[in-house]
Amino acid sequence: MIKKCALLLSLLIVACTNNDDSENVFDIKSFPQEWELTGMSGGLSPVLLTGSDMTWQETLTLESDGRFLKVRRFDEVRIEGAGDFSFSEKEGETYLNLTYDSETILIESCTGEKLLETLFMPTTTSLRGGSAPCDGPGLYYDRVK
């Protein structure tokens with residue numbers, strides 16, 4: 001009887017396991033990649049703004065040729081910035097480095113670099129960046145493609 005109960009319990013666990021293959025599995029090496037700004041913190045403030053509460057909306061597209069395009073929209077204004085990107089690793093953590101073609105207000109960084117923006121990649125579907133350490137916004141992106 002105990003063996004039958006154990007077998008039945010095992011079958012029940014297997015049957016209830018979610019094997020939904022419809023979820024996106026993103027490969028860091030597959031392109032194009034589309035990222036969307038999904039959250040914004042206000043500098044030293046712990047408040048996280050999302051959706052239409054954010055100061056602006058933004059997308060970042062990474063192409064297979066090593067180029068990127070960042071588009072920021074607020075009110076009726078659209079600003080674009082482009083350049084080259086690369087991934088790097090430091091102490092086992094992955095970073096996305098954006099090197100812009102020219103100076104732009106789109107660059108959110110505290111490093112003092114005029115053309116470089118670096119974003120931390122905690123997972124293959126999320127990026128974290130911004131200029132929060134120097135009282136600017138903290139920016140949170142999610143991969144959508």
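E117 touches K70, L96, N97, L98, Y100, L106, I107 and E108, leaving aside residues up to four places away in sequence. These contacts come from a predicted model.

**E117**
- E117 has a relative accessible area of 0% and is therefore buried.
- The side chain of E117 forms a polar contact of 2.8 Å with the side chain of K70.

**N97**
- N97, one of the residues that E117 touches, belongs to strand β6.
- N97 counts as buried because its relative accessibility is 13%, and the cut-off for buried is under 20%.
- Two polar contacts of the N97 side chain are with the side chain of S88, at 3.0 Å, and with the side chain of T118, at 3.2 Å.
- Beyond four places in sequence, N97 touches D84, F85, S86, F87, S88, L116, E117 and T118.

**The largest nonpolar core**
- The largest nonpolar core contains 20 residues, and L60, L62, L96, L98 and L127 have the most contacts inside it.
- Two or more residues of this core come from each of β1 (33–42), β3 (57–62), β5 (77–90), β6 (93–100), β7 (116–123) and β9 (137–143).
- With residues up to four places away in sequence not counted, L127 touches W35, L60, L96, L119, F120, M121, P122, L139, Y140 and Y141.
- L96 and L98, both among the core residues with the most contacts, are also touched by E117.

Conventions:
Residues are numbered from 1 along each chain as its sequence is written. This is a predicted model: local features need pLDDT of at least 70, side-chain atom pairs count only at pLDDT 80 or more; totals for chains, interfaces and linings use all residues. Side-chain values use heavy atoms; hydrogens and water are left out. A nonpolar core is a set of buried Ala, Val, Leu, Ile, Met, Phe, Trp, Tyr and Cys residues joined through side-chain atoms within 4.5 Å. Buried means under 20% relative accessible area, exposed over 50%, partly exposed in between (1.4 Å probe, protein chains only). Helices (H or I, at least four residues) and strands (E, at least two) are DSSP runs, numbered from the N terminus. Contact means heavy atoms within 4.5 Å. A polar contact is a pair of N or O atoms within 3.5 Å; within protein, one must be able to donate a hydrogen and the other to accept it, and residues adjacent in sequence count only if both atoms are side-chain atoms.
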